[in-house]
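Have the coordinates open as you read.

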Amino acid sequence: MSKKAKIEFEDMNLQVGVRLQIMPKQASSPTVQYTSLIGFVVDDYLLMQVPQQDGKPVETAAGADVALRVFSGVSVFTFDARIEAVLSKPRPLMLLSFPTNIQKVGLRKAVRVKANIPVRVVNPTNREVVKEATLSDISLSGALVSTPNPLGAVGDTIEINFSILVQSQNEDVGISTTASIRSVQQAVGTAPDGGAFYTVYTYGINFLDIDATHQALLQNYVYETLLIHRN
């Protein structure tokens with residue numbers, strides 16, 4: 001059996017300004033916060049921004065052991081560190097020990113996360129027809145769309161527009177792309193009062209021409225959703 005290769009600090013390719021998740025290691029239900037990398041000295045320390053909440057620095061204590069996660073390319077890296085010092089001036093900064101116990105998990109295109117995202121669907125052959133639907137799960141390459149409105153047949157192309165919340169930026173961002181319908185299923189749904197029945201269509205779609213910027217936003221969304229659900 002081949003020995004698993006050790007993950008080195010350089011493998012993470014951390015860039016100044018990158019956003020990371022940070023959480024205390026001792027807490028039974030750790031609260032996830034976000035920090036930014038200010039700089040580092042290899043084999044010595046990391047300099048990071050003190051996490052903020054509602055525009056104010058989060059109370060942070062020197063000596064605390066923390067775990068950090070960062071998304072790089074198509075991989076999620078996690079590592080351990082200790083907060084060695086907290087500085088209040090000229091900016092709220094913290095000095096962390098150099099990363100140890102670095103681990104890497106690949107983020108495959110097929111990985112899906114649960115979602116409940118409103119989406120507007122446009123028929124490219126008749127752009128005046130706009131239908132409302134819901135993305136019930138999403139991945140880097142496609143999604144599952146649920147709607148009481150028929151959207152098309154297998155092989156048809158549709159245009160979709162939706163917004164996702166990027167946790168690290170705390171803002172909604174819009175994504176637009178064309179998609180190909182690869183599967184269609186029908187089921188019977190009932191109204192909340194149980195007095196009416198209607199058809200629910202579920203479409204499996206593949207994204208076709210999502211641009212690089214939207215792809216990166218989608219990667220961040222999938223990554224952050226996976227990490228939140230791991231806690």
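Tyr45 sits opposite Ser97 of β8. Pairing here takes at least two DSSP bridges between the strands, and helices (H or I, at least four residues) and strands (E, at least two) are DSSP runs numbered from the N terminus. This is a predicted model, so local features need pLDDT of at least 70 and side-chain atom pairs count only at pLDDT 80 or more, while totals for chains, interfaces and linings use all residues. Residues are numbered from 1 along each chain as its sequence is written, and side-chain values use heavy atoms, with hydrogens and water left out.

β8 also pairs with β7, again antiparallel, over four bridges. There, Leu87 has Leu93 in β8 as its bridge partner. A five-residue hairpin takes the chain from β7 to β8, and Pro90 is in that β7–β8 loop. The peptide bond between Lys89 and Pro90 is cis, with omega at about 0 degrees. Why is strand β8 (residues 93–97) largely enclosed by the rest of the structure? Because four of its five residues are buried; buried means under 20% relative accessible area, exposed over 50%, and partly exposed in between (1.4 Å probe, protein chains only).

Asp43, in the loop between β2 and β3, has a positive phi near 70 degrees despite not being glycine, and at 66% relative accessibility it is exposed. Asn101 is another non-glycine residue with positive phi, near 55 degrees; Asn101 belongs to strand β9 (residues 100–106) and is partly exposed at 47%.

Now the charges. Side chains of opposite charge can pair when their charged atoms come close. Counting a salt bridge as a side-chain nitrogen of Lys or Arg within 4 Å of a carboxyl oxygen of Asp or Glu, the model has five. Among them are these:

| Pair | N to O distance |
|---|---|
| Lys25 and Asp80 | 3.0 Å |
| Arg82 and Asp65 | 2.7 Å |
| Arg120 and Glu132 | 3.1 Å |

What does the Lys25 and Asp80 pair tie together? Lys25 is in the loop between β1 (19–24) and β2 (33–41) and Asp80 is in strand β7 (residues 75–87), so the link spans parts 55 residues apart in sequence. Lys25 is partly exposed at 44%, whereas Asp80 is buried at 16%.

Arg82, also in strand β7, reaches Asp65 in strand β6 (residues 65–72), 17 residues apart. Arg82 is partly exposed at 42%, and Asp65 is partly exposed at 22%. Arg120 lies in strand β10 (residues 113–123) and Glu132 in strand β11 (residues 126–138), so this pair ties together parts twelve residues apart.

On to the packing. Taking a nonpolar core as buried Ala, Val, Leu, Ile, Met, Phe, Trp, Tyr and Cys residues joined through side-chain atoms within 4.5 Å, the largest one has 30 residues, with Ile138, Phe162, Ile205 and Phe207 touching the most other members. Among the elements that each supply at least two of its residues are β10, β11, β13 (157–166) and α1 (212–230). Beyond its neighbours within four places in sequence, Phe162 has contacts (heavy atoms within 4.5 Å) that include Ile117, Leu135, Ile138 and Val173. Another core lies apart from this one, with 20 residues including Met12, Leu20, Leu68 and Ala81.
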